[in-house]
Amino acid sequence: MMQEQQLQQAFEQIIGLPLTRTTRTELIEYFHFGNAHYTTPQGLVLDVGAFTLAVNCPWQLQQPGGETIEHKEVFMRKREAGLPTPGWNWKIPGDNLRDQRLKEFIHQHGELLVKSVESTGNYGLILHIGQQIQLIITPDTAKTTEEFWQLFSNTAENFRIGAGPAGVV
């Protein structure tokens, strides 16, 4: 029960914030909520979310019409006119179907406010976003990974919560 409360309190931080963009590093998908700017030591200003949910386990984004974007689409080529690009590499940002579909999804939907968050078994989560959209995170507890997911703030130094095989961290 304690962990349930801990998760609920943590995710209250993103209720009412919009899903503004997604980014990816190999298999880890980053869902950015709200807006914040971060200046790198080199002086580069990056547009990041006020909060970021990093997901390193199976997830899917269910849309009202039954259309779904899934984490496994990272291994599929993006749709492109003409002949496929030679030397395709799923690791290159924007080069796979998942990146392409998420970018189109964010672009088409405008305000995607987080309405509520519920936790499911095995540290799973369902984020209810906008009009009947659900981001469903379903950790595969058989896989050995440090963390299934992590929510952190890009503006507050000490806000971070995650879940992995060892529980809530």
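A definition to start: helices here are DSSP runs of H or I with at least four residues, numbered from the N terminus. The model I am reading is predicted.

Entry 1: I looked up α2 and found residues 97-109, 13 residues in all. From first C-alpha to last, α2 reaches 18 Å, close to the 18 Å expected at 1.5 Å a residue. At the N-terminal end I found a cap, N96, with a side-chain oxygen 3.0 Å from the backbone nitrogen of R98. After α2 comes G110, and its phi is positive, near 60°.

**Entry 2: what α2 packs against.** I listed the buried residues of α2: L97, R98, D99, Q100, R101, L102, F105 and I106. Which strands do the buried residues of α2 pack against? I noted β1 (19-25), β2 (28-33), β6 (59-62), β7 (68-70) and β10 (133-137).

**Entry 3: β10.** I followed β10 next, being one of the strands on that list. Four of the five residues of β10 are buried, so β10 is largely enclosed by the rest of the structure. I then checked its pairing with β6: the two run antiparallel, joined by four bridges. Q62 has Q134 of β10 as its bridge partner.

**Entry 4: the hairpin.** I turned to β9 (residues 125-129), which runs antiparallel to β10 and is joined to it by five bridges. Here H128 stands opposite Q134. β9 and β10 form a hairpin with three residues between them. In that turn I found G130 with a positive phi of about 55°.

Definitions and conventions: Residues numbered from 1 in each chain as written. Predicted model: local features only at pLDDT ≥ 70, side-chain atom pairs only at ≥ 80, totals over all residues. Heavy atoms only, no water. Expected span 1.5 Å × (residues − 1). Buried < 20%, exposed > 50% of the residue type's maximum accessible area, 1.4 Å probe, protein only. Contact = heavy atoms within 4.5 Å. Polar contact = N/O pair within 3.5 Å; in protein donor to acceptor, adjacent residues only side chain to side chain. Pairing = 2+ DSSP bridges.
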